[in-house]
Amino acid sequence: MDMLNENSNISEFILLGLSSSQETQIYFFVIFFLVYVAIIVGNLLIVISVIFDHRLHSPMYFLLANLSFFDLCLSSVATPKVIADFLIKCKSISLWGCMAQMFLMHFFGGGEMSLLIAMAIDRYVAICKPLHYKTIMNHRMLILFLLLSWTIGFIHTTSQMVFIVGLPFCGPNVVDSIFCDLSLVIKLACTETYILELLVIADSGLLSLVCFILLLISYIIMLVTICQHSSSVPSKAVSTLSTHITVVTLFFGPAIFIYAFPFKSYSVDKFLSVFYSVITPFLNPIIYTLRNQEMKAAIKRLSSQHIGYCLAP
Ligand SMILES: *[C@@H]1O[C@H](CO)[C@@H](O)[C@H](O)[C@H]1NC(C)=O
């Protein structure tokens, strides 16, 4: 009937989770639950502030709101099931559930990666071509960036998944992680996967490595430009840039470690996958709001407005 059931005689994968101790699992449940709630609240707050506050209607904040939207999606792919799994002894996931997790993870991950590049281009134009900023970063350019992000995410994930979806799985079916991680699932296929592993290294590992290096170089150029063009310390631009550099490093670091040096079954891999699926979406709103006065002011205005509505008869 369908491709998967034809050549696979297993119908589900077993996930080992983070710990086998019952007590530790309860702690993880509480921690992950609280972090997930914080991810939803923090990122929603950014999206709502940018949409409803006219003072934040600039390309930088539109891109930031879209990044928060990607964070919401990325963390919602696996985290709810991960949280529920902490309460279950034998954690299993169906073959299709596993495929869907890998597809969506790389879809939103690839999209977020592209969006981080768009954000770097936006800052580059603002700093190195300030006089042309309004004409270059117009509404059409923004829409183009967003369309490109979604498209690149889709192409990135599809180019890997078309091959993985057809792999035969005939056991063992144990994934030593909290969700279906592409680099771990490939190793369970009962066929030669060498070429496919190379494809994944090129598609996920090399891509993130190259993007990361390009991003770092562009941020360094921007920092140098800022320092050359002003005698006093332009603290606002520098603080915005350092924020971006932090986020970029947090997002790309674990991804590069997993996919550029993959398939060696490091046990740190599963903790790294926690990093880019949970920790980064959690830290992004904190980093962006704490270090950004305008964002903080907007959230304050939003909350006082809201309290105003509530108090009005
Ligand atoms: C993404 O950016 C566009 C601006 O081009 C904006 O209209 C839209 O509201 C943003 N999306 C989110 C979820 O903030």
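This is a predicted model: local features need pLDDT of at least 70, side-chain atom pairs count only at pLDDT 80 or more; totals for chains, interfaces and linings use all residues.
Local features require pLDDT of at least 70 and side-chain atom pairs count only at pLDDT 80 or more, while totals for chains, interfaces and linings use all residues. Residues are numbered from 1 along each chain as its sequence is written, and side-chain values use heavy atoms, with hydrogens and water left out.

**Ligand shell**

- Around the ligand stand Val47, Ile51, Phe62, Ala65, Asn66, Phe69, His139, Leu142, Ile143 and Leu146, a residue being near if one of its heavy atoms lies within 4 Å.
- The protein covers 77% of the 360 Å² of accessible area that the ligand has on its own (Shrake-Rupley method, 1.4 Å probe).
- Helix 2 (22–52), helix 3 (59–85) and helix 6 (139–164) each give two or more residues to the shell.
- The shell divides into eight nonpolar, two polar and no charged residues; Ala, Val, Leu, Ile, Met, Phe, Trp, Tyr, Cys and Pro count as nonpolar, Asp, Glu, Lys and Arg as charged, and the others, Gly among them, as polar.
- An N or O atom in the side chain of asparagine 66 is 2.3 Å from an oxygen atom of the ligand, a polar contact (a pair of N or O atoms within 3.5 Å; within protein, one must be able to donate a hydrogen and the other to accept it, and residues adjacent in sequence count only if both atoms are side-chain atoms).

- Glutamine 101, in helix 4 (residues 95–128), is buried at a relative accessible area of 6% (buried means under 20%, exposed over 50%, partly exposed in between; 1.4 Å probe, protein chains only).
- The glutamine 101 side chain reaches the backbone nitrogen of cysteine 180 at 2.9 Å.
- Valine 125, also in helix 4, is buried at 7%.
- Beyond four places in sequence, valine 125 is in contact (heavy atoms within 4.5 Å) with Pro130, Tyr133, Ile136 and Met137.

**Serine 208 in helix 8**

- Serine 208 lies in helix 8 (residues 194–229) and is buried at 1% relative accessibility.
- A polar atom of the serine 208 side chain lies 3.2 Å from the backbone oxygen of glycine 205.
- Serine 208 touches Met113, Phe252, Ala255 and Ile256, not counting residues up to four places away in sequence.

Key:
Helices (H or I, at least four residues) and strands (E, at least two) are DSSP runs, numbered from the N terminus.
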